[in-house]
Amino acid sequence: MATLAKHCTARFTDIKYVKSSKVSSPNPIACHSVHFDNHQKYKELSSLSMNGCQVDNPRAPIGTIETKTFPIAATPASAADRLNSAIYDLKSNPSQLESGIIRIEVPINEHIDALDWLRSQSLDPVLPRSYYSGRESSIIPSRHNNNEEKLVGVAGFGSAVSFSHLDEFSLNDWHSIKRFLSKSSPLIRAYGGMRFDARANISPEWQDFASFYFMVPQVEFDEFEGSSMIAATVAWDNRLSTTYEQHHKKNCV
């Protein structure tokens with residue numbers, strides 16, 4: 001796998017897909033969950049898998065790319081409560097724009113292993129899960145002080161927006177991903193990978209990934225050196241919304 005565009009903060013290297021969903025965590029306080037309810041644009045995690053590669057014009061910008069950072073929380077429990085409240089407020093006052101992506105994040109004043117957090121979650125088996133840890137820590141500007149932070153690992157589940165197709169990865173597919181990313185929101189990232197030979201037959205264990213598969217996690221846990229962060233990302237595009245079943249039928253058979 002290769003990093004396709006560092007200037008757009010998309011990371012496509014060293015991806016590990018985690019299939020275990022019921023593993024006891026050595027840190028039980030990391031088990032507090034984030035909740036999504038039904039809404040016109042912000043659907044349940046299990047029902048929405050918006051495929052960004054189905055847009056007619058992949059170079060057309062989306063309406064907004066935003067990151068909203070809340071004050072640092074002392075514990076994962078208080079961070080999850082604060083995040084759930086922010087999600088509720090967002091759904092109560094939905095954007096009138098036709099498309100957009102918004103990341104809501106709450107820093108945590110405690111270091112928690114991202115993979116331990118992911119293992120502690122009780123998840124629907126249909127939800128995509130991902131874990132990323134780079135060969136070198138990424139340097140991220142801190143949004144709650146003037147310092148920089150080293151990003152050690154990222155765990156996520158659900159898909160705010162995914163990108164996949166049976167055909168070989170193309171320049172248009174790259175632009176479809178790029179339109180949801182911005183330097184102003186460096187932690188909105190697409191994680192995934194692609195086949196080395198898109199023309200070869202797909203083995204059964206890889207059929208769900210099609211020729212390539214990238215995703216922006218809907219719920220994400222970021223592990224920094226000495227601290228952590230929990231985040232939720234909502235994305236919408238009135239031209240793209242499809243159910244998970246429709247998405248799976250189109251791209252994964």
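A: A residue is called buried when its relative accessible area is under 20%, and exposed when that area is over 50%. The model described here is a predicted one.

The chain contains 4 helices and 9 strands, and their order along the sequence is β-β-α-β-α-β-β-β-α-β-β-β-α. Of its 253 residues, 52% are buried. When contacts between residues at least 6 apart in sequence are considered, 83% of them join residues at least 24 apart.

The number of salt bridges comes to 6. One of them brings the side chains of Glu220 and Arg103 together, at 3.0 Å from N to O. Glu220 belongs to strand β8 (residues 212–224) and Arg103 to strand β3 (residues 99–108), so that this pair links distant parts of the chain, 117 residues apart. Both Glu220 and Arg103 are buried. Arg103 also forms a salt bridge with Asp222, in which the closest N and O atoms are 2.7 Å apart. Here again strand β8, which holds Asp222, is linked to strand β3, which holds Arg103, and the two residues are 119 apart. Asp222 has a relative accessible area of 0% and is therefore buried. Arg103 likewise counts as buried because its relative accessibility is 0%.

A further salt bridge joins Asp237 to Arg179, with 3.1 Å between the closest N and O atoms. Asp237 lies in strand β9 (residues 228–237), while Arg179 lies in the loop between α3 (171–178) and β7 (191–194); the pair therefore ties together parts that are 58 residues apart in sequence. Asp237 and Arg179 are both buried. Through shared partners, salt bridges also connect Arg103, Glu105, Glu220 and Asp222 in one network.

The nonpolar side chains come next. In soluble globular proteins, nonpolar side chains tend to be buried together. The largest nonpolar core has 26 residues, and those that touch the most other members are Leu83, Ile104, Trp117, Phe157, Phe221 and Ile230. At least two residues of this core come from each of α1 (76–92), β3, α2 (114–120), β6 (148–165), β8 and β9. The greatest contribution is that of α1, which gives 5 residues. Another core, of 20 residues, lies apart from this one and includes Met50, Val55, Phe212 and Val216.

A pair of aromatic rings is described by the distance of the centres and the angle of the planes. There are 7 aromatic pairs. Trp117 and Phe157 make up a stacked pair, with 5.8 Å centre to centre and 15° between the planes. Because Trp117 lies in helix α2 and Phe157 in strand β6, this pair ties together parts that are 40 residues apart in sequence. Trp117 has a relative accessible area of 2%, so this residue is buried; Phe157, with 4%, is buried too.

Phe212 is buried, since its relative accessible area is 0%. Returning to the largest core, Trp117, Phe157 and Phe221 are among its residues, and these three residues form one aromatic cluster.

Thr67 is found in strand β2 (residues 65–69). With a relative accessible area of 15%, which is under the cut-off of 20%, Thr67 is therefore buried. The side chain of Thr67 is joined to that of Ser185 by a polar contact of 2.8 Å.

How values were computed
Residues numbered from 1 in each chain as written. Predicted model: local features only at pLDDT ≥ 70, side-chain atom pairs only at ≥ 80, totals over all residues. Heavy atoms only, no water. Salt bridge = Lys/Arg side-chain N within 4 Å of Asp/Glu carboxyl O. Buried < 20%, exposed > 50% of the residue type's maximum accessible area, 1.4 Å probe, protein only. Contact = heavy atoms within 4.5 Å. Core = buried A, V, L, I, M, F, W, Y, C linked by side-chain atoms within 4.5 Å. Phe/Tyr/Trp six-rings, centres within 6.5 Å; stacked < 30°, edge-to-face > 60°. Polar contact = N/O pair within 3.5 Å; in protein donor to acceptor, adjacent residues only side chain to side chain.
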